[in-house]
Amino acid sequence: MKKLLFQFDTDSHPSVFDTVVAYDGGADHVIGHGGLTPENVTALVEGAIFTRAPKDKKNTAIFVGGSNMAAGQQLFIAVQRHFFPGFQVSVMLDSNGSNTTAAAAVAKLASNGSLAGKKAVVLAGTGPVGQRAAVMLAQEGAEVTLTSRTLARATQACQDMKARFNVDLTPIEAADSKSREVAIKNANIVLATGAAGIELLTPEQWQNNPNIEMMADANATPPLGIGGIDMMDKGIDRHGKIIWGAIGFGTLKLALHRACIAKLFEDNKQVLDAENIFALAKEMA
Ligand SMILES: NC(=O)c1ccc[n+]([C@@H]2O[C@H](COP(=O)([O-])OP(=O)(O)OC[C@H]3O[C@@H](n4cnc5c(N)ncnc54)[C@H](OP(=O)(O)O)[C@@H]3O)[C@@H](O)[C@H]2O)c1
């Protein structure tokens with residue numbers, strides 16, 4: 001029986017990246033739908049849950065993606081609302097690679113030593129990756145600050161994550177490079193999760209900071225988010241700090257993403273979101 005993955009995207013076009021990884025993770029066929037909302041997803045979910053016999057339902061799964069974390073969370077919940085005993089399929093949430101990328105980055109940082117009690121700053125943390133990474137750092141016991149160019153966006157992201165995970169994150173406004181330098185002044189851990197191709201810190205702004213122990217940067221599109229590092233850095237020492245570049249931890253991200261897709265087809269009851277994806281990342285790191 002063919003393994004079918006239905007890719008439900010909150011953006012108008014289903015993510016090509018997610019389609020490729022879905023095939024690489026073991027799906028035989030990937031069917032993408034864009035522009036999905038809680039209001040228009042009902043018939044699609046019903047088509048997925050009613051079509052196969054109970055023992056065969058594990059061969060149908062749903063992947064929720066898109067660039068908006070809040071919209072992804074709502075769609076993920078809406079999909080599961082249509083499930084009832086005997087009629088459900090496995091489902092995963094990974095808007096813009098949020099869970100898998102954040103989990104890989106934080107798992108790699110945690111592999112270098114305990115994060116408990118450390119001061120962590122997630123730079124430009126309002127995107128899907130930054131929000132989930134901030135949660136995972138907090139769950140590891142770090143004291144986490146999340147920056148944005150506007151206080152309103154930082155506050156909204158922290159409130160959304162508090163509502164979903166009950167973690168306390170501190171929002172701050174850091175509108176430019178100078179204010180981001182101030183934001184990381186007392187940080188032990190810096191994780192940059194800014195948009196592709198945006199430099200958030202220059203080399204001079206972090207290299208002589210005596211408090212920073214570890215840094216990671218999710219942006220693999222030059223210029224990188226943290227100037228003076230290499231995207232291939234795999235936990236190497238630069239200026240006395242442990243550095244993870246986007247591709248350096250991206251290998252784990254891809255392996256993790258594929259492993260999650262494979263897991264969706266193990267049975268029809270998998271619900272993969274930040275908690276279990278992060279747990280798997282720590283096993284694999
Ligand atoms: N390494 C990997 O395996 C991997 C996998 C997936 C994604 N990624 C990368 O991870 C990063 C985060 O992904 P994402 O989808 O969460 O990012 P995103 O939503 O595209 O952007 C994150 C934040 O960057 C800030 N930003 C945008 N333009 C900016 C500018 N000109 N100056 C300063 N800040 C700016 C915005 O925050 P405010 O508007 O609130 O300031 C935005 O919310 C991206 O670089 C992405 O390419 C890496």
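Select helix H1 (residues 16-24), where Asp18, Val21 and Ala22 are buried. Viewed along the axis of H1, the buried residues fall within an arc of 105 degrees, so they line one face of the helix. The arc is that of the directions from the helix axis to the C-beta atoms. A residue is buried if 20 or more other C-beta atoms lie within 10 Å of its own, exposed if 12 or fewer, and partly exposed in between, with C-beta atoms placed from the backbone. Helices (H or I, at least four residues) and strands (E, at least two) are DSSP runs, numbered from the N terminus.

This is a predicted model: local features need pLDDT of at least 70, side-chain atom pairs count only at pLDDT 80 or more, and totals for chains, interfaces and linings use all residues. Residues are numbered from 1 along each chain as its sequence is written.

Stay with H1 and turn to its other side, where Val16 and Val20 are exposed. The cover over the buried residues of H1 includes strand E1 (4-9), E2, strand E3 (60-65) and H8. Contact here requires the C-beta atoms of two residues, placed from the backbone, to lie within 7 Å. Next pick Asp24, also in helix H1. With 14 other C-beta atoms within 10 Å, Asp24 is partly exposed. Just after H1, Gly26 takes a positive phi of about 120 degrees.

## The whole chain

Zoom out. The chain has nine helices and 12 strands. Its C-alpha trace spans about 60 × 35 × 30 Å along the principal axes. For 285 residues, a compact globule would have a radius of gyration near 19 Å, and the chain agrees at 19 Å. That radius is taken over C-alpha atoms, and the globule rule is 2.2 Å times the number of residues to the power 0.38. Of the 285 residues in the chain, 49% are buried. Among contacts with a separation of 6 or more, 71% are between residues 24 or more positions apart.

Select helix H3 (residues 69-81). Which residues of H3 are buried? They are Met69, Gly72, Gln73, Leu75, Phe76 and Val79. Seen down the axis of H3, these buried residues fall within an arc of 165 degrees, so they line one face of the helix. An α-helix has 3.6 residues a turn, so residues three or four places apart point the same way. At 1.5 Å a residue, the 13 residues of H3 should span 18 Å, and the end C-alpha atoms are 19 Å apart, which agrees. The expected span is 1.5 Å times one less than the number of residues.

From Phe76, go to Thr37: the two are 39 residues apart along the chain, and their C-alpha atoms are separated by 9.5 Å. Thr37 is in the loop between strand E2 (29-33) and helix H2 (42-50). Thr37 counts as exposed, with 12 C-beta neighbours inside 10 Å.

## Around the ligand

Show the ligand and the 24 residues around it; Gly127, Ser148, Arg149, Ala218 and Gly250 come nearest. The elements giving two or more residues to this shell are helix H5 (128-139) and helix H8 (246-264). A residue is near a molecule if its C-beta atom, placed from the backbone, lies within 6 Å of it. The shell divides into nine nonpolar, 12 polar and three charged residues. Ala, Val, Leu, Ile, Met, Phe, Trp, Tyr, Cys and Pro count as nonpolar, Asp, Glu, Lys and Arg as charged, and the others, Gly among them, as polar.

## Backbone exceptions

Most residues other than glycine have a negative phi, and most peptide bonds are trans. Asn96, not a glycine, has a positive phi of about 50 degrees. Find Asn96 in the loop between strand E4 (90-93) and helix H4 (98-111). Asn96 is buried, with 22 other C-beta atoms within 10 Å. His239, also not a glycine, has a positive phi of about 55 degrees. His239 lies in the loop between E10 and strand E11 (241-244), and is partly exposed with 14 other C-beta atoms within 10 Å.

Where is the cis peptide bond? It joins Pro222 and Pro223, with omega about -10 degrees. Pro223 lies in the loop between strand E9 (214-217) and strand E10 (234-238).
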